[in-house]
Amino acid sequence: MTGEEKRARYAELRTEIAAVVAGETSRTARFATASCLLSEAFKPRFFWTGFYEVDPHKPSELVVGPYQGTMGCLRIPFGRGVCGAAAAWLETQLVADVHAFADHIACDARTNSEIVVPVLDASGALAAVLDVDSEQHDAFDEIDREGLEAICRDILTV
């Protein structure tokens, strides 16, 4: 897939996800829909696609939410691993080689690269992170970052 084809696919997905979740009040339904559509659109490069939500009872921890793929880690503390870094610093983490990432949490040893995008609610508070893993090294680029960040900006606000 060329860069332009990938940009176009992300634009289509952004529109499709927004249309499907418009008016939906359940975060679970919104996250499940996005996980499914993203996973299907970018198989097999997207090996694991899902959300870790901020636990309202333990606000410094992420808990696994809707996802597509093999079993994910159940809980991730803020600041730990790629997901925890995205949650703690509210910045997308694009990691070409997870084995070189300090404090990486290996939920599945087949993962070699990862991108994690913070998801903010309508008030601007962190609600979750979108985590996408790949068996390929260096599977994600700036086009993925831009596309996933746009979808994550919309997922709880449309």
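**Reading the sheet and the aromatic pairs**

Guide: The count of disulfides, taken as pairs of cysteine sulfur atoms within 2.5 Å, comes to 0 here. Cys152 is in no disulfide, and the nearest cysteine sulfur, that of Cys83, is 12 Å away. This is a predicted model, in which local features need pLDDT of at least 70 and side-chain atom pairs count only at pLDDT 80 or more, while totals for chains, interfaces and linings use all residues. Residues are numbered from 1 along each chain as its sequence is written, and side-chain values use heavy atoms, with hydrogens and water left out.

Visitor: In what order do the strands of the sheet stand?

Guide: Strands of a sheet pair through backbone hydrogen bonds, either parallel or antiparallel. Strands here are DSSP runs of E with at least two residues, and helices are runs of H or I with at least four, numbered from the N terminus; two strands pair if DSSP finds at least two bridges between them. In this model 6 strands form an open sheet in the order β3-β2-β1-β6-β5-β4, with antiparallel pairing. Because β3 (75-77) and β4 (93-95) stand at the edges with a single partner strand each, one side of each is left without a neighbour in the sheet. Strand β2 (residues 58-68) is joined to β3 by 3 bridges, and Glu61 stands opposite Pro77 in β3.

Visitor: Which strands does helix α3 lie across?

Guide: Helix α3 (residues 81-89) lies across β1 (48-55), β2, β3, β4, β5 (113-120) and β6 (126-134), where contact means heavy atoms within 4.5 Å. The helix runs at about 30 degrees to β5, an angle taken between N-to-C directions on a scale from 0 to 180 degrees, with axes fitted to C-alpha atoms, for helices over the stretch in contact.

Visitor: How many aromatic pairs does the structure hold?

Guide: A pair of aromatic rings is described by the distance of the centres and the angle of the planes. Rings of Phe, Tyr and Trp (its six-membered ring) pair if their centres lie within 6.5 Å, and planes under 30 degrees apart count as stacked, over 60 as edge-to-face and the rest as tilted. The structure holds 6 such pairs, among them the stacked pair of Phe31 and Phe51, at 4.3 Å centre to centre and 15 degrees between the planes. Since Phe31 lies in helix α2 (residues 27-41) and Phe51 in strand β1, the pair ties together parts that are 20 residues apart in sequence.

Visitor: Is Phe31 buried or exposed?

Guide: Buried means under 20% relative accessible area, exposed over 50%, and partly exposed in between (1.4 Å probe, protein chains only). Phe31, at 0%, is buried, and Phe51 counts as buried at 1%.
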